[in-house]
Amino acid sequence: ARRFTVFFSDGNASIAEFVAYDPVVNVAYFRTERADTPAMSFVNSNDIRQGRRFIALAGTEDPEESRLASGYIGERNRTFNLSGKTVASTDEWEGVFLPDRLIGTGWNGGAAVAMNGDLIGLIGTTTLDAEERAFILPANALRQSLQRVINDRNSIRPNIGAYYVSLSRETALALGVGRDRGAMIFTPSERTGLAVISGSLAEKAGLRYGDMVTAVNGREINLEWPLSVALYEIPAGERVTLSIERAGNPLEISLGQ
């Protein structure tokens, strides 16, 4: 369906037309015919700290009612990837806020709002290791996604098609590698065929299991700028140069988009 009806809290309704879908952040965009809706400011996600209070808002089956709850930011998880897998995907956003309370699927798509009315992010849930996990997609990710849609809503970035683990002191120790920054192309099976999707840009570029991506277009990959976010920020159609370390040897490969 491309057209929906949106019900507002004042009792009015408006037709909303589908504009675009961003698979990296898993957000769909719609435009309503109503022009007098209020605007909401986005917080700078980098300023959000553990313990920040928020109000959770979500719709219900009754268009004149909404669901309301309060909570706190329990954690900023830099390695939480929206893939819903134990490893991260190059094609899903990485880095979210985790609330202090269990929020079920009924809150999906709802807003996490600061006490001053600014948007902290959108609420989502995913299943990881048979456990339902709630998260808040940060406002900075939404701002970046929205800007891409505004600039060129018809431009869809092709999938890179690789799985990886963001490296830190803890993951480097667990994996027995000498780097604590970057992203290691990885799958628990230790097989390239499962770490790199067949026919993907990653396979065509020659990425292999165990490759450690250290930089994208010369900028270092780390927990503040993880691989999936770095790739997301490259405009569609531009070539991407990956600096990698393979068996201790540095080299560069290009991803054609």
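**Entry 1: the model**

I am working with a predicted model. I kept that in mind throughout.

**Entry 2: the sheet**

I began with the strands. I asked in what order the strands of the open sheet run. I found three strands in the order β1-β2-β3, with antiparallel pairing. Next I looked for the edge strands. They are β1, residues 3-7, and β3, since each pairs on one side only. For the twist I noted an average of 45° from one strand to the next.

**Entry 3: β2 and β3**

How many bridges join β2 to β3? I noted six, and the two strands run antiparallel. I placed β2 at residues 13-22 and β3 at residues 27-32. Then I picked out one residue and looked across from it. Glu17 stands opposite Arg31, and Arg31 is in β3.

**Entry 4: the helix over the strands**

I then looked up helix α1, which spans residues 139-151. Which strands does α1 lie across? It lies across β2 and β3. I wrote down its angle to β3 as about 60°.

**Entry 5: Asn26**

I turned to backbone angles. I located Asn26 in the loop between β2 and β3. Is Asn26 buried or exposed? Its relative accessibility is 53%, and the cut-off for exposed is over 50%, so Asn26 counts as exposed.

**Entry 6: Glu190**

I logged another positive phi at Glu190, about 60°, again in a residue that is not a glycine. Where is Glu190 placed? I found it in the loop between β12, residues 183-185, and α3, residues 192-195. Its relative accessible area is 55%, so I put Glu190 down as exposed.

**Entry 7: the cavity**

For the largest cavity I recorded a volume of about 30 Å³.

I then listed what lines the largest cavity. The lining residues are Thr90, Ile160, Ala162, Ile185, Leu207, Val213, Leu227, Leu231, Leu242 and Leu255. I sorted this lining by class. It has nine nonpolar residues, one polar residue and no charged residues.

Methods: Residues are numbered from 1 along each chain as its sequence is written. This is a predicted model: local features need pLDDT of at least 70, side-chain atom pairs count only at pLDDT 80 or more; totals for chains, interfaces and linings use all residues. Side-chain values use heavy atoms; hydrogens and water are left out. On a 1 Å grid over the protein atoms alone, a cavity is a set of points where a 1.4 Å probe fits but cannot get out, and a pocket is an open set with protein on both sides within 12 Å along at least five of seven lines; lining residues have an atom within 4 Å of a point. Grid points are joined across faces, edges and corners, and a volume is the space filled by probe spheres set on the points. Ala, Val, Leu, Ile, Met, Phe, Trp, Tyr, Cys and Pro count as nonpolar, Asp, Glu, Lys and Arg as charged, and the others, Gly among them, as polar. Helices (H or I, at least four residues) and strands (E, at least two) are DSSP runs, numbered from the N terminus. Buried means under 20% relative accessible area, exposed over 50%, partly exposed in between (1.4 Å probe, protein chains only). Two strands pair if DSSP finds at least two bridges between them. Axes are lines fitted to C-alpha atoms, for helices over the stretch in contact, and angles run from 0 to 180 degrees between N-to-C directions. Contact means heavy atoms within 4.5 Å.
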